[in-house]
Each structure stands twice: as structure tokens, then as C-alpha cells.
Amino acid sequence: MAQNISLKIFTPEKTALSRRIYRVVVPYGTTNLTLIEQRAPTSLLLRAGALQILAEDNSVEDLYFIDGGVVDFAQDECKISTQHIIHRSKISRERALELCEAEPHNAEYYQMIADYIENFG
């Protein structure tokens, strides 16, 4: 598998993810944007949403929920800064709804996760 993109995701507390990938789909604007090898340099503001890491057959290899942020992509290095990141396997719809109540300052983020899981599993 040609994993030629270096992906690093940072939160204020730590480097949350650092690995080589094939492609990544980021939540941008009213849609999503796929970042591929040898893409022109790009810096964008991201919205809260699902970040998908794709395999060579374009199937979703990993899914994370991010709370918006910034992506910088240049020379096959993708760096993302975000407030929060949660792997799909680490949260349920019920837990996201609980966190909406427990963390009202992050309620929109957790509601987005709950809605995504309800609609897409």
C-alpha cells in the first residue's frame, strides 16, 4: 500500500496522531475535501465533522471526529490542529449525548458526533 502522506494531528495537549496514510478526507466548508499525494500546498479552516483516513481502494480505514481547526498540506505532509479528536471506536451516540449535557461549552461538537452516528453508524 502506498502510504505517502505524513499525517499529524495536534490538540492543545498533545500530538494526537502521527502516521503515514494513503488519503485523508477532511470536513471543509459545506462539504468534505480529499487530500491526495502531490496536492498543491493548501491551508484551510476546517469545520467540526468526521475526518476519514482512506485505504487505496478508497474505503474508510479509520474515522475520527474533530472539532474544526486548521489543516496545512504541503509536500505530502498534512498537519491538522484541532481542539478535540475522538476515534469513532471510542464513543457511542449515548456517550456523545451525555457529554452534550456534561460539557455545555462543547455541546455542538458532541451533538455533531451523536447526529453522525445516528445517521451513518
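This is a predicted model: local features need pLDDT of at least 70, side-chain atom pairs count only at pLDDT 80 or more; totals for chains, interfaces and linings use all residues.
**A buried loop residue**

Start by selecting Thr11, in the loop that runs between strand S1 (5–10) and strand S2 (15–21). Thr11 has a relative accessibility of 13% and so counts as buried, the cut-off being under 20%. Now show what surrounds it: leaving aside residues up to four places away in sequence, Thr11 touches Ala16, Thr82, Gln83 and Ile85.

**The two helices**

Next, select helix H1 (residues 93–102) together with helix H2 (residues 107–120); their axes come within 8 Å and cross at roughly 160°. Angles over 145 degrees count as roughly antiparallel, and H1 and H2 are therefore roughly antiparallel to each other. The crossing of H1 past H2 is left-handed. To see the contact, display Arg93, Ala96, Leu97, Leu99 and Cys100 on H1, then Ala107, Tyr110, Gln111, Ile113, Ala114, Ile117 and Glu118 on H2. By residue class, this contact of H1 with H2 consists of 9 nonpolar, 1 polar and 2 charged residues.

**The aromatic rings**

Stay with H2 for the last stop. The structure holds 3 aromatic pairs. For one of them, select Phe65 and Tyr116: the ring centres are 5.3 Å apart and the planes stand at 75°, so the pair is edge-to-face. Phe65 belongs to strand S6 (residues 60–74) and Tyr116 to helix H2, so this pair ties together parts that are 51 residues apart in sequence. Are these two residues buried or exposed? Phe65, at 0% relative accessibility, counts as buried, and Tyr116, at 19%, also counts as buried.

Conventions: Residues are numbered from 1 along each chain as its sequence is written. Side-chain values use heavy atoms; hydrogens and water are left out. Helices (H or I, at least four residues) and strands (E, at least two) are DSSP runs, numbered from the N terminus. Buried means under 20% relative accessible area, exposed over 50%, partly exposed in between (1.4 Å probe, protein chains only). Contact means heavy atoms within 4.5 Å. Axes are lines fitted to C-alpha atoms, for helices over the stretch in contact, and angles run from 0 to 180 degrees between N-to-C directions. Angles under 35 degrees count as roughly parallel, over 145 as roughly antiparallel, 65 to 115 as roughly perpendicular and the rest as oblique. A crossing is left-handed if the near helix is turned anticlockwise from the far one by less than a right angle, and right-handed if clockwise. Ala, Val, Leu, Ile, Met, Phe, Trp, Tyr, Cys and Pro count as nonpolar, Asp, Glu, Lys and Arg as charged, and the others, Gly among them, as polar. Rings of Phe, Tyr and Trp (its six-membered ring) pair if their centres lie within 6.5 Å; planes under 30 degrees apart count as stacked, over 60 as edge-to-face and the rest as tilted.
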